[in-house]
Amino acid sequence: MGAARASLHRGSGGGEGSARLAEPGAGVSGPRRRSRGPLRGVAASPGVRLGVARVLTAEVGGEVERRVPRSRVAAEVRRLRAAVSRATAELRAAAQGAAEGAVQGAAEGAARELGSAEASILEAYLMLMEDEGLLMQIEAFIREQRATAAWATRAVTRALAARLAEQPNSYLAERAHDLEFIGREIVAALAVDVPVRQGQELTRAAEQGAPEPRGALGALEPVSVAGRLVVAEDISPTELVRWASAPPLGLITALGGSDSHTAILARAMGLPAVVGVGSALMAVREGESLLIDGERGEVWRSPSQARVARALSRASVVAPVEEPLGGDATACGVAIELQVNLEGLGGLAAALEQGAAGVGLYRSELMCLGWTRLPSEEEQYELYRALVEGAAPRTVTLRTFDFGADKPYPGAARRWTPPNPALGLRGVRLALATPELLPAQLRAMARAAAHGSARVLIPMVSQVDEFEQVRALWREAAEQGGQAPLGVMIEVPAAAVLAEVWCERADFLCLGTNDLAQYTLAADRTDPEVAARATALDPAVLRLIRQVSQAAAAAERPLSVCGALASEPLGAALLVGLGVRALSVEPGQLLRVRAALRRLRLRAAEEAAAAALRQVDAVSVRRELEARLGAVLRGPRGGSRR
Ligand code: PEP
Ligand code: MG
């Protein structure tokens, strides 16, 4: 962080009530200058911050056709070479691991999952990656087009892949996937180290108080995103995790939806985020002063002082409501269990201090983001044990890996890129298709369970045979470790429809509204063109939730809801009205949801839920809920607005 960085904290810190101004050179325009209207997107993570733009669009998405000044062409070529070396080193490590694993059988790391067939695939990737001819074509594209390295890589690998795909020879056609994979790996390596600052750009950055590049390799020095407002076409969960040690001030993306895993992680990290802004974001320039309002989904360019002051005062009005700890209940005394969703150990202590009843969802796959191999059984055990011991005597719900869709399998070493990842090998399907993934994880979980109270949860189950296969593996693991209940995520419509079946088979049910909405409405939660349609407030989703809650009550099976709907006061109240008595919420929303529920009467919640079920779309559901419960949940201080 540069010495010129100044930060001003307002509000009571943490959660959506915090409004922090940090300004490494960020400035507001003078009182007489009128600001333009805001860029609008989806409010994905709350918080209001003023900062300087760090534009990563071309590097992250890799598809933006952005030119660099002629003076930077040579530097782009050097960035390309550096990225290829990094990507090659990562691949080589994975290939070596795979080869050793094939020889030793049960070696650690990637070897465990890969085996000899995969080792040879990785070797083939390596050969392509090291192909000078390919590299020269990309370099030529950079020089001829004055292209960013990312654009050139994408353009060349895609063009070659398209030509290969047309070949009648199936072997050659298959190589098209390999080329696309190589292209993505290089672009990912480019995204780790972002544009070179030279000449004017360097001067401007220095003027703005940004840190100076270090060392003689300044031209290839990674530019940090720390303390900046990252502006990007899209940001993957992996990238976000890579930035965790020196995080940006906030995130603004052209793509993405509010229930994507990137948005969930941003909320967990306390980073304001506005996503799905669309192509208007392309107008934002590196170093521009921006005001991000993660509550309203607005981004103001060169905001006026008055605008900043207004945003700040509004943010301080909605500071989290401090409520006494103790058992959670509605105003009329109906007990509600409030747990938290966690992505790592961080956040556990704070959640317990705030009186969380336990961890209702631990997303184990998110600890692997950015890894080139799976964590070993021992590494997993240490982490799960720390969670279980840290939460004792409360229960921790450990979910097995939910890789697939936007959460990449570590090392991205799987050969097949599915045409529709959200409907392909995801969650339990991928786990079952990857020998030895589940046995090691389940053993680690069973061993950890012996140190306190844990439950094991299986994601993305759609059919009974998947669960039964896992149950057989779980029995073996539990014999060696410790016993724990085995539960099922209800997040695909098929599972919701057969809720009675799951009540007979699983020890507990955990309903994920994010995926249940995306699959019920056939709307990808990460695709900005349709993500808004993937809303759990849709009456079709609500009817499924009611069906599950009725089945669980009849069978006396524990049911909790852990999707984003539970983290919103109106949504939480609606779920209570639908019969749900345990909610697992995002840690930053715990106080707010608790405060709202303490003002809620069960009768009002049930009437609101019944009215919601009679509506024909999500807009009228929200209107109905707002009219019936909005004022009550907000309370005298208006504290429940999101
Ligand atoms: C869900 O789908 O609602 C859920 C909690 O799981 P995830 O968000 O990790 O997919
Ligand atoms: Mg899910």
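Biologist: How many of the eight residues of H18 are buried?
Modeller: This is a predicted model, in which local features need pLDDT of at least 70, side-chain atom pairs count only at pLDDT 80 or more, and totals for chains, interfaces and linings use all residues. Residues are numbered from 1 along each chain as its sequence is written, chains are lettered from A and ligands numbered from 1 in the order in which they are written, and side-chain values use heavy atoms, leaving out hydrogens and water. Buried means under 20% relative accessible area (exposed over 50%, partly exposed in between; 1.4 Å probe, protein chains only). H18 is largely enclosed by the rest of the structure, because its buried residues number seven.

Biologist: Which strands are included in what covers the buried residues of H18?
Modeller: Helices (H or I, at least four residues) and strands (E, at least two) are DSSP runs, numbered from the N terminus. Contact means heavy atoms within 4.5 Å. Besides helices H9, H16 and H19, the cover includes strands S12, S16 and S17.

Biologist: Which residues coordinate the magnesium ion (ligand 2)?
Modeller: Donors are N, O and S atoms within 2.8 Å of the metal (3.2 Å for Na, K and Ca); water is not among the atoms, so sites may look incomplete. At 2.0 to 2.1 Å, the coordinating residues are Glu491 (OE) and Asp515 (OD).

Biologist: How many residues apart in sequence are the parts that the pair ties together?
Modeller: Glu491 lies in the loop between S15 and H16, and Asp515 in helix H18. The pair therefore ties together parts whose separation in residues is 24.
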